[in-house]
Amino acid sequence: PLVVYCLAARRPPRCIENPRQVSAYHYPREYGEHAPSFSRATLAEHAGGAALFISGTASIVGHRTLHTGDTAAQTRETLANIEALLGELKGFSLASLAYKVYVRHPEDLEVIRREVDAALGPGPSRVYLKADVCRADLAVEIEAAGGGGGPRTAPRGAARGGAGGGYTPPPTPPRPAPGRDPPPAACSPWGARAVSPGAAAG
């Protein structure tokens, strides 16, 4: 089934980038003529707190895929990237979010489920969907969303590194090369998926 999300607010959301990753709109041309235009996460603040939307996240550090062929390690690295995003904020944790887990190959489902369960425990809601993922060498991609309250911004560098080690971005993000797409004017809360998700994998 097709699911369309429509979000509206009186004030613009805040775009959140991941300290372990190159911003998607600064990806080099090896990933395509036009760079993706989405933020790693979007924070929508309101009088009662805030809502956090984490875009599709995978086993990418800097702009490189890690752990090709190792689905379990890719899942752990993906969760480490989500933790790094949460380290840029206050008031959110892995346990406070709901998750969509996109699985490329149905036969990898149990491996992915085992790693997700180990990281999240029994509490957070999660759904597993069979879908293509943004790169051919990636086996899993995870989106998340949740609500929270309190102060938002944490000190830079509070995020923890994962299995692939930390990624330290330059102090000032590089300007797009001529002909490259500029950063997005507005955030894309659920990211830019390659295809619509298919039937549930389990």
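In which loop is Arg 135 found? Select the segment between β7 (126-130) and β8 (140-148), and Arg 135 is there; helices (H or I, at least four residues) and strands (E, at least two) are DSSP runs, numbered from the N terminus. The model is a predicted one, in which local features need pLDDT of at least 70 and side-chain atom pairs count only at pLDDT 80 or more, while totals for chains, interfaces and linings use all residues. Residues are numbered from 1 along each chain as its sequence is written, and side-chain values use heavy atoms, with hydrogens and water left out.

**Around Arg 135**

Arg 135 is buried but has no salt bridge. Buried means under 20% relative accessible area, exposed over 50%, and partly exposed in between (1.4 Å probe, protein chains only). A salt bridge requires a side-chain nitrogen of Lys or Arg within 4 Å of a carboxyl oxygen of Asp or Glu. The nearest side chain of opposite charge is that of Asp 137, 5.4 Å away; Lys and Arg count as positive and Asp and Glu as negative, with His and the chain ends not counted. Next, display Thr 65, whose side chain makes a polar contact of 3.0 Å with that of Arg 135. Such a contact is a pair of N or O atoms within 3.5 Å; within protein, one must be able to donate a hydrogen and the other to accept it, and residues adjacent in sequence count only if both atoms are side-chain atoms. Beyond four places in sequence, the residues touching Arg 135 (heavy atoms within 4.5 Å) include Tyr 27, Tyr 31, His 63 and Arg 104.

Now select residues 71-86, helix α1. Of its 16 residues, 14 are buried, so the rest of the structure largely encloses α1. Which residue forms a salt bridge with Glu 77? The partner is Arg 20, with the closest N and O atoms 2.8 Å apart. This pair links the loop between β1 and β2, where Arg 20 lies, to helix α1, which holds Glu 77, across 57 residues. Arg 20 is buried, its relative accessible area being 3%, and Glu 77 is buried at 0%.

Move to Glu 115 in helix α2 (residues 109-120). Glu 115 counts as buried at 17% relative accessibility, and its side chain makes a polar contact of 3.1 Å with that of Arg 76. Glu 115 also touches Ala 72, Thr 75 and Leu 79, among others.

**The nonpolar cores**

Select Leu 86 and display its surroundings: Leu 52, Ile 54, Phe 92, Ser 93, Leu 94 and Leu 97 are in contact with Leu 86, neighbours within four places in sequence set aside. Leu 86 is among the residues with the most contacts inside the largest nonpolar core, which has 25 residues. A nonpolar core is a set of buried Ala, Val, Leu, Ile, Met, Phe, Trp, Tyr and Cys residues joined through side-chain atoms within 4.5 Å. A second, separate core of 8 residues includes Tyr 27, Phe 38, Val 133 and Leu 138.

**Further salt bridges**

The model has 7 salt bridges. For one of them, select Glu 45 and Arg 14, which meet at 3.2 Å, N to O. Glu 45 belongs to strand β2 and Arg 14 to strand β1 (residues 14-16), 31 residues apart. Finish at Glu 33, which is exposed at 52% and forms a salt bridge of 3.1 Å with Arg 29, a partly exposed residue at 40%.

Notes:
Expected span 1.5 Å × (residues − 1).
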